[in-house]
Amino acid sequence: MKSRKSFCRMMCCLIFCMFFLSRINSQVNSCNTSLKIPDESSAVLIGKLDVSGDQITVEATFTRTQPYSGGRLFAGDLVSKHAAYTDVNYLLRPNSAEITTANGYFLTPQICDIQLNKMYHAAMVYDGKTLKFYRNGFLMSQVAATGDLFLNNWITTIGNLASNPTGVKREALLGFINNVRIWNVARTQQQIQQYMYTPLPFPATQAGLLADYTFNTLTNQQGNTAWNGSLYGNAALNQSNPSCKSFLADSCGIVVACKVNPDFSFTQDICNPLSVQFANETQYAISAFWYFGNGIVSNSLNPSVTYSSYGADTVKLLVQTANGCIDTISKIIPVNLNQDDSLITMGDTTVCGSSSIQLNALQGVNYCWTPNTGLSATNISNPVASISTTTTFHLNAQVLDSNLIVNGNFSQGNTGFKSSYLYNSSGLPAGVYFVGTNPSTWNPGMPPCTDHTSGNGNMMLVNGATQTGVNIWSETVSVKPNTNYAFATWVESISGANPAQLQFFINGNPVGNIFMANAATCLWDEFYCNWNSGTAAIAVIAIVNMNPAFNGNDFALDDISFAEASIKTDSVTIKVSSIPVINISRDTAICAGGSAQLTATALPNGTYSWIPATGLNDTSVANPVASPTATTIYFVTATGADQCTASDSVSITVNPQPVFSITPLNTNICSGDTAVLTASGGDLYQWYPSTYTTDTAAAAIGVYPAFTATYYTIITNSTCKATDTLSATINVSQHFNVGITKSNDIDCIIGQANLQVTGSGTQFGWTPAININDPNIPNPVVSPFATTTYYVTVHNGTSCVQTDSITVRVLTNDAQNGYLLASAFTPNGDGVNDCFGVRLWGGVRSIDFSVYSRWGIRIFHTNNPSDCWDGTYKGVKQPPGTFIYQIKATTICGNVYRKGTVVLIR
């Protein structure tokens, strides 16, 4: 009964699907609403429709009715915004596509020519990496291209040259154009195929659509009136195109047989395996109808569905291709999530406190860890979990069974696979391959890349051919029906230009999207896709190069795999256990020979271990007694639940037995002065008496008694529990009186003065100590050059010191009457008038002093004002008599010159 209901539902779906497809066929563009371009001077002008950036799609359906000459580029301009190849914003022609970008001019390679009076759909697509040309939904040619599109000032023109529709012959499309669309996005091949010959549904809502023309009117169907068209020359709307009634999609003049070869693949969402994404792998499909086996249907090309439970469902696909062919395929799809307790390779684990731990799982191709809280990543096999609370992590992973590919890592050399390329050990020309360890030894122009497997093993080295669709690598394997497989390979570029663009094929159908090698050389990237075998028992699997560029396009393959794939699940619990919190006693000090009790408590309670053991009575208790002989740092480790530990330390300083002292024991001060007494050896001090002191509890205090006194201090060392009392005597002396007298002030007549200290004193000190005969006597003689105040410090043999000062003035207003000299002298050694000189002149800055005999012989000369003539010449006493002197001096009263005679008396 159940099978009959399923059959009825299927038939209803098929009837609905046929109705759906017939509706699509009935919506093709009308053959009576064509634009006709009858001559070289006709067109439709749109306006300056710039397309910037690196994305564009331009489409047109057309029929050429008149022959042309000059090569494929003169088949006619379908949509032009250019004048020459140097300024092509975009240009679509029946056989090619052209653009100019910031990186140069790009033209798709030559293909087979169009036929006259035949309906075609042409499209150009640029996605920032490749410029592609499609005809009737077939990818006919492509060229690698990069850079932003060049913008010019030409208006967009349909059916002719943009820069000058009347000035250049052979540019016009002589015939009919049924539809034109311009997009600022890169449309996929499936999107192009879907609406090649049918109107766009709701053009105003189509993402990226800039302009859409159906030529029953010149109105932009997208809605932007700024780009409504206008007729130019003899162009005409609403014309009948007889060729569109007999349209048959084909590629290069060969009628495509009505063989659909439908296929599809599906991918379970790794995080939610009940959610399944289906991919229509049927080439040139433009419409599809799906029945998912759970009562849900869809007409999307690539739908997704969420199942309510795990199990196997029969999924059916009905598909129509661009040439009108219809076919169906049915597969039993296993939507499963299998428990595998070995998926996660680590057991439940305990970590201590907020910590990090690396999770590890079996090698797979796709991962999903939940919850994502605290994980460094959720889509790798070995994320790092940083958590603070106990967490159970669940993993869904797509895991592969044994690899069905023989020699997938090429360790066996050039065996186990087929290739349409030629095996060549020289690296040239294009379209050759080699199995080796180093591209640079195969082709000296390539870098020295290494393989992916081990870094020193084999890989497949490929010099890409200029033809697309050629099998680079192929192998045939047996498969299980209705089974999921993963097809994967690693790819690296071995040339910096035009990276390879590769496509997986299984049983002749492309599977997954085209994938591109890394633009940087020697960097391996993995590409994989999923495939369901359906009813197939054999899989002919292949890797095909889709890049026809001659320059570059060189790459390496390694670690090719094709294996049964399943999604498995597992879980692991990471328990977060508390770290013990240690409360430990403070650092302390003991006296030599003493002891201290250490204390450590931990929450929660645990075991204890102290190190070092030296000086401890027990190393495994919370509160051992420490009796070290030297300063020691003790470390304790507390171990709590789940073996989580914490550590701390305490320092025990061992002080020597105290030595008490007080300094000075005896000191002298003058009444009113302060003496400093310093005690040491303890940490507590008590001074008495408390009078005439600055403090009574400090180690150092100041005392200022009026009379001699004795001070005491009680010194206590708390660590060693020792106390002593010491004393110091302060001897106090009383002040005394001093004064200063002077004999005279200094002038040009009297050049020195006598100073005299009055009062008692035993030591004297005068300042400034210049121009004074002795600064350490009570009665010095001074000879200042300028008025000077002299200070004296007087000690009387006690601690008291007195000071006083006096000013000796210097007057310089009587030089003529001053600076006198004796008229005679008696050098007889009695200490009176024994020497002839200027010592009494006082402040003499410089002098030139000479004495001459009566015969003119100079018998004495000096420049020192302190020198004088003692009555000798060369050590010989001179006889009594008269001698001549001459003196030139600079004094406090100015320059002085004296000349005269002096009598030497014996």
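Q: Two strands pair if DSSP finds at least two bridges between them. With that settled, which residue in E54 stands opposite Tyr-688?
A: In this predicted model, Tyr-688 stands opposite Tyr-712 of E54. The two strands concerned, E52 and E54 (residues 709-717), run antiparallel and are joined by 5 bridges.

Q: What order do the strands have in the open sheet of 4 strands?
A: The order is E50-E55-E54-E52, and the pairing is mixed. Strand E50 (666-670) and strand E52 (684-688) are the edge strands; each has a single partner strand, so one side of each lacks a neighbour in the sheet. On average, neighbouring strands of this sheet are turned by 25° against each other, direction ignored.

Q: Back to Tyr-688: what kind of peptide bond joins it to Pro-689?
A: The bond between Tyr-688 and Pro-689 is cis, with omega about 0°. Pro-689 lies in the loop between E52 and strand E53 (700-703).

Q: And which kind joins Thr-663 and Pro-664?
A: That peptide bond is also cis, with an omega of about -10°. Pro-664 belongs to the loop that runs between strand E49 (661-663) and E50.

Q: Let us step back to the whole chain. How many helices and strands are there?
A: The chain has 3 helices and 70 strands. Its radius of gyration is 58 Å, whereas the globule rule gives 29 Å for 906 residues; the chain is therefore more spread out than a compact globule. The C-alpha trace spans about 165 × 90 × 60 Å along the principal axes.

Q: What percentage of the 906 residues is buried?
A: Buried residues account for 47% of them.

Q: Take strand E33 then: how many of its residues are buried?
A: For strand E33 (residues 459-463) the count is 5 of the 5 residues, so the strand is largely enclosed by the rest of the structure. Both of its faces are covered, with Met-459, Leu-461 and Asn-463 on one side and Met-460 and Val-462 on the other. In a regular strand the side chains alternate between the two faces of the sheet.

Q: Which strand pairs with E33 over 5 bridges?
A: Strand E32 (residues 432-436) does, in the antiparallel sense. Val-432 has Asn-463 of E33 as its bridge partner. E33 also pairs in the antiparallel sense with strand E40 (residues 554-577), over 4 bridges, and there Asn-463 stands opposite Asp-554.

Q: Which residues of strand E45 are on the covered face, and which on the uncovered one?
A: In strand E45 (residues 607-611), Tyr-608 and Trp-610 form the covered face, while Thr-607, Ser-609 and Ile-611 form the uncovered one. E45 pairs with strand E47 (residues 632-639) in the antiparallel sense, over 5 bridges. The bridge partner of Trp-610 in E47 is Val-636.

Q: Changing topic: what volume does the largest pocket have?
A: Its volume is about 1,500 Å³. Of the 48 residues lining the pocket, those closest to its centre are Gln-189, Gln-503, Gly-512, Asn-513 and Ile-514. Among the elements that give two or more residues to the lining are helix H2 (189-194), strand E36 (501-506) and strand E37 (509-516).

Q: Which element gives the largest share of that lining?
A: E37 does, with 6 residues. By class, the lining comprises 21 nonpolar, 22 polar and 5 charged residues.

Q: Where is Asn-507 found?
A: Asn-507 is in the loop between E36 and E37. The residue has a positive phi of about 55° although it is not a glycine. Its relative accessibility is 29%, and it counts as partly exposed.

Q: What phi does Asn-407 have?
A: Asn-407 has a positive phi of about 60°, again without being a glycine. This residue sits in the loop between strand E30 (391-400) and strand E31 (422-423).

Notes: Residues numbered from 1 in each chain as written. Predicted model: local features only at pLDDT ≥ 70, side-chain atom pairs only at ≥ 80, totals over all residues. Heavy atoms only, no water. 1 Å grid on protein atoms, 1.4 Å probe; cavity = no way out; pocket = protein on both sides within 12 Å on 5 of 7 lines; lining within 4 Å. Points joined across faces, edges and corners; volume = space filled by probe spheres on them. Nonpolar A, V, L, I, M, F, W, Y, C, P; charged D, E, K, R; others polar. Rg over C-alpha atoms; globule rule 2.2 N^0.38 Å. Buried < 20%, exposed > 50% of the residue type's maximum accessible area, 1.4 Å probe, protein only. Axes fitted to C-alpha atoms, helices over the stretch in contact; angles between N-to-C directions.
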